[in-house]
Amino acid sequence: MSNPSLSLGTGLFSGITKLCKGLAVILISGHIVVHLFPSSVTYLALIPARTIPFAWNLITAGYIEQSVYGVVVSTFGLLFIGKLLQPIWGSREFLKFIFVVNFLTSVCLFITAIALYYITRQEIYLYMPLSGFHGVISGFLVGIKQIIPDQELPLLKIKTKWLPSIAILLCIAISFWTLEAAAYLPTIISGTYISWIYLRYWQTKPETKHRGDPSEDFAFSTFFPEILRPVIDPIASIFHRLLCGRSDVSDDAQSYALGSEPLPGSDSIEASRRRERGARALEERLAAERLAAARSELQRDASENV
């Protein structure tokens, strides 16, 4: 089957789902609230020193953008990446992914801030309000890497599997010049790693009843250049055993086992099926957008002729 490309041409604003539009309204509304009522940041953003009485901040902080730049990037990322992921995952799984990544990213930020305070004894880490949807946007890039890893971006000719790594590297580079980018960095790194853990180990696949993605194409080392993978793989396997308490990748990997030996090529078969599903869904969406654009053009010509 043909391999569709990510098109930024005709139909850019078509195909955006109602769920993504609703979530975008929440992001914009949250920004307006904190702009009109600055004191609301205390109750909605994550302030580590006040998280114990205001524990709900671990959930609300992810939907509050304090800057115009942040709300614009997060809204566009949600609308245009979300319209690719939601049809493939389904609305329920899409919402579950957002909630889990948002919550666990906030937990990671809380732990990081507390650790930095004890290391440096600087109270700024306890009272700096942390918030933003960019952790989930980073997670969406990991989802794109999983579903259509070999797609090339128009003009840039960069494969989508490198998007999460490029986003982190850009944020690291920019953080040397601006403090605001440095504030985004922990959220982006946490969102990327948490989303990979979710998709690698936890995500349920209704069509197979299995969990996670055990394919080698989605291993943690694939976020790094190939020259570094022999070093990354042993380290990643140690953390895997610490986190999971076993050496097999997931329940999905177990289901491919025959006795104690995995079926040869099972990881590559699953990866191939995943890529085919993602490419098919993307191709169908692009075809629908082109058809809608053609119908609109025909209606416009007909009205002009009348």
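The accessible surface of the protein chain comes to about 16,800 Å², of which 66% belongs to carbon and sulfur atoms, as computed by the Shrake-Rupley method with a 1.4 Å probe, where for residues only the protein chains shown count as cover. The model is a predicted one, in which local features need a pLDDT of at least 70 and side-chain atom pairs count only at pLDDT 80 or more, whereas totals for chains, interfaces and linings use all residues. Residues are numbered from 1 along each chain as its sequence is written, and side-chain values use heavy atoms, with hydrogens and water left out.

The pLDDT, the predictor's confidence in each residue on a scale from 0 to 100, averages 79 over the protein chain, and 73% of the residues score at least 70. Over residues 246-267 the pLDDT is below 50, and this stretch has 35 contacts in the model beyond near neighbours in sequence, a contact being defined by heavy atoms within 4.5 Å. The pLDDT also stays under 50 over residues 1-5, for which the model has 13 contacts beyond four places in sequence.

The secondary structure of the chain comprises 12 helices and four strands, which are DSSP runs numbered from the N terminus (helices H or I, at least four residues; strands E, at least two). Of the 306 residues, 42% count as buried, that is, under 20% relative accessible area, with exposed meaning over 50% and partly exposed in between (1.4 Å probe, protein chains only). Among contacts with a separation of 6 or more, 69% are accounted for by residues 24 or more positions apart.

The largest nonpolar core has 37 residues, and those with the most contacts inside it are Leu78, Leu85, Phe94, Ile98, Phe133 and Phe140; such a core is a set of buried Ala, Val, Leu, Ile, Met, Phe, Trp, Tyr and Cys residues joined through side-chain atoms within 4.5 Å. At least two residues of this core are supplied by each of α1 (18-36), α4 (68-89), α5 (91-120), α7 (134-147) and α9 (179-202). Beyond four places in sequence, Phe133 touches Leu27, Gly62, Tyr63, Glu65, Ser74, Leu78, Ile98 and Phe140.

Aromatic rings of Phe, Tyr and Trp (its six-membered ring) pair if their centres lie within 6.5 Å, and planes under 30 degrees apart count as stacked, over 60 as edge-to-face and the rest as tilted; by this rule the count comes to 18 aromatic pairs. The rings of Tyr43 and Phe54 have centres 5.5 Å apart and planes at 45°, so this pair is tilted. Because Tyr43 lies in helix α2 (residues 41-44) and Phe54 in the loop between α2 and α3 (57-60), the pair ties together parts that are 11 residues apart in sequence. Tyr43 counts as partly exposed, at 46% relative accessibility. The rings of Phe133 and Phe140, with centres 6.5 Å apart and planes at 75°, form a pair that is therefore edge-to-face, and both residues are buried. Ring pairs link Phe133 and Phe140 with Tyr63, Trp89, Phe94, Phe97, Tyr198 and Trp202 into a cluster.

Asn102, in helix α5, counts as buried at 4% relative accessibility, and beyond four places in sequence Asn102 touches Leu58, Ile59, Gly62, Tyr63 and Val136. Thr192, in helix α9, is buried with a relative accessible area of 6%, and its contacts beyond four places in sequence are with Ser138, Val142, Pro164, Ile168 and Phe223.
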